[in-house]
Amino acid sequence: MTSAPTLWAITRRSLVKDLRLEWRSKDAINSMLFFALLVVVIFSFGFDPTAEESRKIAGGLLWVAILFATVVALNQTWTREIRNQVMDAYRLSPAPPQALFLSKTIGNFIFVSILEVLMVPLFVVFYNLRSVGPVWQLLVVALLATWALVVNGTFFAALSIRTRSREIMLPLILFPISIPALLAMVDATTSILTGDNSPIFWMRLLAVYDLVFTTVSLILFEPVLNAE
Amino acid sequence: MTETSQPAVSVRDVVRHFGRFAALRGITADFVPGKLYVLLGENGAGKSTLLRVIAGLLAPSRGSVEVLGSSNIRSVATRFGYMGHAPLLYDEMSALENLEYFAALYGITDRARCEQAIRTVGLDPSLERRVGQYSQGMRQRISLARAIVHSPELLFLDEPFSNVDLRSARQMTTLLAKMRDQGTTIFVVTHQAALMEPVADECIVLDAGRLVAREKGIPARLLSPYSVEERDALRDETLRRDSRENAEAPQ
């Protein structure tokens, strides 16, 4: 059957392909998990907080660990597209460039979410965490924050893929631009854990950040994909 | 197709620079449909660059390219196929998985069509081995299958015979001749001119980024690597033309 390739059809195809490749190689998941685990263990050796102090610092520690681990995964995202110059085959096809970006972003969202599902229980155990605020809000913050990290990260990883020292370039570009999102996710998480303040402002900020950066990335991805 | 029909590819004064290095220097040519063109020349002559510029993978620094009557290459993306130096395949997937993915990019969801493309290049579509475990020659053939899975009218092949054994290479040239006879316009960049000699309609010789010769078939003198005298003659002619143009250029 031949039909015009639609955005969603290609996004779905590319996502399935990426999940299959990751399942077989485990490049991103393994390196991300190992890195995040190391960070958690090192932090736990470095601090010996009380339950009250844990609630105050856990948000920062958790999201910094996830941000660092995400960078490790993001570096892998495009590497398999430039190996064998596979990206050229995509560029030559009539498939919409945005589909490739969306599939990579959704794929990274899934990988980072898996990491969070495995990391959060470890944090709870290591730091003896008990949330004072409503736990469902933590779930919303996690979804918004994870999207903020991966949508930016996937875009800037694509931007830095043709540079010689891309492993260094990515954090250099990504971290400064992620500061507003990082601030929002840390403050929202801390507000929920301590119950001191309402996290709603920070959650709204994260939602706006997600919307703006998703739109901008989708618009700018085509020239990034076709850059020589 | 007759030679008076609209060109399949038309390049006009195409120049391509990489930094200060000029890989293509003012190439102008029309290529009629339904022919098999062989691009010859030494390493660095600009053959692959010309192919990439025509396919839209590189933008020309100057000049224009029209493919299948359009200067917007994306608008004719479904009508041409490209096989590059690298295989453009995922090592961790099987041949059929690769083809199913790339066919989907062209809106093709028919598995049988992907299997047929693999059979066309002489391989077994039921092979479950991942492409990364294939020999280089097998990868080249799968790469060709990927380039033709959507039945393009125009086909660009960059070194399709590198690391391919002679028997497989001959099978590939037979396939290309068959496709040409069915109306496909084919461009082949190769250093193995002798392989293409029985099927080539025209050869285009590039040297130092210039189109220096265009001949019917592949003349015997081009079948073997250039003699030192021929290479020097081509280079001298190019240098003479350059200095002449520089002298004539307005200051």
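**A close look at chain B and its partner**

Of the 251 residues in chain B, 43% count as buried. Which helix of chain B gives the most to the side that touches chain A, and what do its buried residues pack against?

Modeller: Happy to. Keep in mind that this is a predicted model. Let's get our bearings in chain B before zooming in. Chain B has seven helices and nine strands. If you take its contacts with a separation of 6 or more, residues 24 or more positions apart account for 70% of them.

Now for the part you asked about. The contact between the chains takes 26 residues from chain B and 26 residues from chain A. On the chain B side, helix H2 (residues 95–105) gives the most, with four residues. Sorted by class, that side of chain B has 17 nonpolar, four polar and five charged residues.

H2(B) itself is mostly covered, with ten of its eleven residues buried. Among the buried ones are Leu96(B), Asn98(B), Leu99(B), Glu100(B), Tyr101(B) and Phe102(B). Look at what surrounds them: the buried residues of H2(B) pack against helix H1 (7–25) and helix H4 (86–92) of chain A, together with H3 and H4 of chain B. So you'll find both chains around this one helix, because its buried residues pack against helices of chain A and of chain B. Just after H2(B) comes Gly107(B), which takes a positive phi of about 80 degrees.

Leu99(B) leads us on to the core. In soluble globular proteins, nonpolar side chains tend to be buried together. Here, the largest nonpolar core has 139 residues, and Leu99(B) is among those with the most contacts inside it, along with Ile66(A), Ala145(A), Leu206(A), Leu39(B) and Ile54(B). The largest share of this core, 14 residues, comes from helix H6 (residues 135–160) of chain A.

Take Ile54(B): leaving aside its neighbours within four places in sequence, Ile54(B) is in contact with Val9(B), Val11(B), Val65(B), Val67(B) and Phe156(B).

The other is Leu39(B), which belongs to strand S3. Strand S3 (residues 36–40) of chain B is largely enclosed by the rest of the structure, because five of its five residues are buried. In a regular strand the side chains alternate between the two faces of the sheet. You can follow that along S3(B): Leu36(B), Val38(B) and Leu40(B) point one way, Tyr37(B) and Leu39(B) point the other way, and all are buried. S3(B) also has two strand partners to look for. With strand S7 (residues 185–189) of chain B, S3(B) pairs in the parallel sense over four bridges, and Leu39(B) stands opposite Val189(B) there. With strand S8 (residues 202–207) of chain B, S3(B) again pairs in the parallel sense over four bridges, and this time Leu40(B) stands opposite Val205(B).

Ser135(B) sits in the loop between helix H3 (111–120) and helix H4 (136–148). Ser135(B) counts as exposed because it has 12 C-beta neighbours inside 10 Å, and 12 or fewer is the cut-off. Ala194(B), in helix H6 (residues 193–196) of chain B, is exposed too, with 12 other C-beta atoms within 10 Å. Ala194(B) and Ile218(B) are 24 residues apart in sequence, yet their C-alpha atoms are 8.3 Å apart in space. Ser135(B) and Leu206(B) are 71 residues apart along the chain, and their C-alpha atoms are separated by 31 Å.

The C-alpha atoms of chain A fill a box of roughly 60 × 35 × 30 Å along the principal axes, and 46% of its residues count as buried. One helix to pick out is H5 (residues 97–127) of chain A: at 1.5 Å a residue, its 31 residues should span 45 Å, and its end C-alpha atoms are 43 Å apart, which agrees. H5(A) is followed by Asn128(A), which has a positive phi near 50 degrees.

Notes: Residues are numbered from 1 along each chain as its sequence is written. Chains are lettered from A and ligands numbered from 1 in the order in which they are written. A residue is buried if 20 or more other C-beta atoms lie within 10 Å of its own, exposed if 12 or fewer, and partly exposed in between; C-beta atoms are placed from the backbone. Two residues are in contact if their C-beta atoms, placed from the backbone, lie within 7 Å. Ala, Val, Leu, Ile, Met, Phe, Trp, Tyr, Cys and Pro count as nonpolar, Asp, Glu, Lys and Arg as charged, and the others, Gly among them, as polar. The expected span of a helix is 1.5 Å times one less than its number of residues. A nonpolar core is a set of buried Ala, Val, Leu, Ile, Met, Phe, Trp, Tyr and Cys residues joined through C-beta atoms within 7 Å. Two strands pair if DSSP finds at least two bridges between them.
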